[in-house]
Amino acid sequence: MEEGNGEVKHILLAKFKEGISEQQIQNYIKHYANLVNLVPSMKAFRWGKDVSQENLHQGFTHVFESTFESTEGITEYIAHPDHVEFANMLLPQFEKVIVVDYKPTKVQL
């Protein structure tokens with residue numbers, strides 16, 4: 001198995017608190033996506049809602065994926081003032097959250 005060339009994925013799984021409207025969630029997502037324009041080390045952002053039929057989501061409803069060139073890039077992102085401001089606004093909106101960073105690894109068959 002071959003670990004990717006430095007690229008790191010930052011995955012956030014979330015369940016928003018009850019009472020937060022879809023419009024509010026959409027506004028948070030737009031703000032999250034805009035961090036790509038504000039934080040130089042953040043190279044891409046994608047998101048989606050759980051559509052699994054296995055019912056193993058444990059209540060998590062949203063997935064957010066950010067791409068960075070390196071683990072150092074994530075360190076820069078975490079400390080970046082725009083990220084800090086956004087995180088302080090977003091995190092209190094979650095009932096549950098998990099964050100995982102990983103280096104994509106290709107499997108040679």
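Let's call a residue buried when its relative accessible area is under 20%, and exposed when that figure is over 50%. With that in hand, here's a quick tour of this predicted model: an open sheet of four strands, with helix α2 packed on it.

**The sheet**
- Reading across, the strands run β3-β4-β2-β5, and they pair in the antiparallel sense.
- From one strand to the next, the twist averages 15 degrees.
- Inside the sheet, β2 (residues 8-16) and β4 (residues 62-68) are joined by seven bridges in an antiparallel pairing.
- If you want a landmark for that pairing, look for Leu12, which sits opposite Phe64 in β4.

**How α2 sits on the sheet**
- Helix α2 covers residues 71-79 and touches β2, β3, β4 and β5.
- Its direction is at about 45 degrees to that of β2.

- Gly73, Ile74 and Tyr77 are the buried residues to look at in α2.
- Looking down the axis of α2, its buried residues fall within an arc of 100 degrees, so they line one face of the helix.
- Packing partners for the buried residues of α2 are the strands β2, β3, β4 and β5, plus the helices α1 (22-38) and α3 (81-90).

Terms used:
Residues are numbered from 1 along each chain as its sequence is written. This is a predicted model: local features need pLDDT of at least 70, side-chain atom pairs count only at pLDDT 80 or more; totals for chains, interfaces and linings use all residues. Side-chain values use heavy atoms; hydrogens and water are left out. Two strands pair if DSSP finds at least two bridges between them. Helices (H or I, at least four residues) and strands (E, at least two) are DSSP runs, numbered from the N terminus. Axes are lines fitted to C-alpha atoms, for helices over the stretch in contact, and angles run from 0 to 180 degrees between N-to-C directions. Contact means heavy atoms within 4.5 Å. Buried means under 20% relative accessible area, exposed over 50%, partly exposed in between (1.4 Å probe, protein chains only). The arc is that of the directions from the helix axis to the C-beta atoms.
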